[in-house]
Amino acid sequence: MAISGVQDAGSWYYIFDDSGKKIATMPKNLTGEVLGFGVDFIVARNGSWYYTYDEKGKKITTMPVSTTGEFRNCAGASINFVNGSWIYTFDKNGKKTSTRPNR
């Protein structure tokens, strides 16, 4: 199921599918700040950790900010982080799929 949007609703995040139907609710105090979303995952930061969640709001993986870098964006099935002079691309499961120079 594809995610079409994540709405900030006070102390909750609402997740919507590609037909505009609300499919899940996530508590903001446990989730942290939602940074972006891809086709079937959401990326959030809470303290010094990044978390990925599926379309139902279930946690997929956890990645440390200290080694991953700063969040750049989500695109399709990928998450990009900038760490120094490098851009690292990960999948939703936290597996690094590529590295390239940050130009």
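Strands (E, at least two residues) and helices (H or I, at least four) are DSSP runs, numbered from the N terminus. Two strands pair if DSSP finds at least two bridges between them.

This is a predicted model: local features need pLDDT of at least 70, side-chain atom pairs count only at pLDDT 80 or more, and totals for chains, interfaces and linings use all residues. I number residues from 1 along each chain as its sequence is written, and side-chain values use heavy atoms, with hydrogens and water left out.

I then checked β1 against β2 (residues 12-17): the two pair in the antiparallel sense over 6 bridges. Asp 8 has Tyr 13 in β2 as its bridge partner.

**Salt bridges**

How many salt bridges does the structure hold? I count 3. The criterion is a side-chain nitrogen of Lys or Arg within 4 Å of a carboxyl oxygen of Asp or Glu.

Asp 8 again: its side chain meets that of Lys 28 in a salt bridge, 2.6 Å from N to O. The pair links distant parts of the chain, with Asp 8 in strand β1 and Lys 28 in helix α1 (residues 28-31), 20 residues apart. Asp 8 is partly exposed at 46% relative accessibility. Lys 28 is partly exposed too, at 24%. My cut-offs: buried is under 20% relative accessible area, exposed is over 50%, partly exposed is in between (1.4 Å probe, protein chains only).

Next, I looked at Asp 40 and Lys 92, a salt bridge with the closest N and O atoms 2.8 Å apart. Asp 40 sits in the loop between β4 (33-37) and β5 (41-46), and Lys 92 in the loop between β10 (86-90) and β11 (96-101), so this pair ties together parts 52 residues apart in sequence. Lys 92 is partly exposed, at 24% relative accessibility.

Glu 70 and Arg 45 also meet through their side chains, at 3.3 Å from N to O. Glu 70 is in strand β8 (residues 70-75) and Arg 45 in strand β5, so parts 25 residues apart in sequence are tied together. Glu 70 is partly exposed at 44%, and Arg 45 is partly exposed at 27%.

**Asn 80**

Is Asn 80 buried or exposed? I find it buried, at 9% relative accessibility. Asn 80 lies in strand β9 (residues 78-83). Its side chain has a polar contact of 2.6 Å with that of Thr 89. A polar contact is a pair of N or O atoms within 3.5 Å; within protein, one must be able to donate a hydrogen and the other to accept it, and residues adjacent in sequence count only if both atoms are side-chain atoms. Beyond neighbours within four places in sequence, Asn 80 is in contact (heavy atoms within 4.5 Å) with residues including Glu 70, Ile 87 and Arg 100.

**β10 and its partners**

I found β10 mostly covered, with 4 of its 5 residues buried. β9 and β10 pair in the antiparallel sense over 5 bridges. Their hairpin has 2 residues between the strands, and Gly 84 in the turn has a positive phi of about 65°. On the β11 side, 5 bridges join antiparallel β10 and β11. Trp 86 stands opposite Pro 101 in β11.
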